[in-house]
Amino acid sequence: MTTQVFGYARVSTLTQVRDGEGLQVQREKIAAWATYQGLPVGLLDADEGVSGASMENRPGLRRVLRAVLGHGEGAVLVVYKLDRLGRNALDVQETLAVLLDAGVRVVALSDGIDSASGMGAALLKLLTSILSTFAELEKETIRVRLLDGRKRADVNDRTYASEPRYGRRRVCLLYTSDAADERSS
């Protein structure tokens, strides 16, 4: 079989999708790498506004993985950064193990990881473990920050996001000049 590139891109928030920079940059970098290598792109798919915390609810990733594994040897999975595959160390390691066992070359452009390079698959697994652990740590840090923001909003009786939390309701107090005059007298 001929060598073929399969690319996957992901951004976590809908804001990143709307602003457009994240996905487009990832797609362009993957396509440029394939062009530089002189390889055809078989499939370049993405998940827009989807967290990498879980392998669930990412149809773009599933399509790319099916295509890569269906192509078998000679397939190259290219991601812009390893954490695009996921932010759960165990999920990323399991995915990479399956890909490497199937003879798929894995490239993470921004991280400088290439399973076909001199460092080989064993070093890739070590680097993957370290990088995916940091990605998981970052995910947990973001989660803690969000929870702290919600707690501060609750204490100050404010809405943290556009919608109040379950069990709360938004109350708008409208003050007119007449009501303000009545209060001051």
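Analyst: We will go through the sheet, then a helix, then a turn. Keep in mind that this is a predicted model.

User: How do strands of a sheet pair?

Analyst: Strands pair through backbone hydrogen bonds, in either a parallel or an antiparallel way. Here five strands make up an open sheet. Their order is β2-β1-β3-β4-β5, and the pairing is mixed.

User: Which strands lie at the edges of the sheet?

Analyst: Look for strands that pair on one side only. They are β2 (41–48) and β5 (113–114).

User: How many bridges join β1 to β3, and how do these strands run?

Analyst: Five bridges link β1 (residues 4–11) with β3 (residues 75–79), and the two run parallel. To find your place, take Tyr 8, which stands opposite Val 79 in β3.

User: What does β3 pair with on β4, and in which sense?

Analyst: β3 pairs with β4 (residues 105–108) in the parallel sense, over four bridges.

User: Are β4 and β5 parallel or antiparallel?

Analyst: Antiparallel, with two bridges between them. Val 107 stands opposite Asp 114 in β5. The two strands form a hairpin, with four residues between them. In that turn, Gly 112 has a positive phi of about 70°.

User: Which helix belongs to the β-α-β unit, and what is its hand?

Analyst: The helix is α4. Together β3, α4 and β4 make a right-handed β-α-β unit.

User: How far does α4 reach from its first C-alpha to its last?

Analyst: Compare the span with the expected one. α4 covers residues 89–101, 13 residues in total, and reaches 18 Å. That is close to the 18 Å expected at 1.5 Å a residue.

User: Which residues of α4 are buried?

Analyst: They are Ala 89, Asp 91, Val 92, Thr 95, Leu 96, Leu 99 and Leu 100. These residues span an arc of only 165° around the axis, so they sit on the same side of α4.

User: Which residues are exposed on the other side of α4?

Analyst: Leu 90 and Asp 101 are exposed there.

User: What is the phi of Gly 103, which follows α4?

Analyst: Gly 103 has a positive phi, near 85°.

User: Which strands does α3 lie across?

Analyst: Follow the helix over the sheet. α3 (residues 59–71) lies across β1, β2 and β3. Relative to β2, α3 runs at about 160°.

Methods. Residues are numbered from 1 along each chain as its sequence is written. This is a predicted model: local features need pLDDT of at least 70, side-chain atom pairs count only at pLDDT 80 or more; totals for chains, interfaces and linings use all residues. Side-chain values use heavy atoms; hydrogens and water are left out. The expected span of a helix is 1.5 Å times one less than its number of residues. Buried means under 20% relative accessible area, exposed over 50%, partly exposed in between (1.4 Å probe, protein chains only). The arc is that of the directions from the helix axis to the C-beta atoms. Two strands pair if DSSP finds at least two bridges between them. Contact means heavy atoms within 4.5 Å. Axes are lines fitted to C-alpha atoms, for helices over the stretch in contact, and angles run from 0 to 180 degrees between N-to-C directions. A crossover is right-handed if, with the strands pointing away from the viewer, the path from the first strand over the helix to the second runs clockwise.
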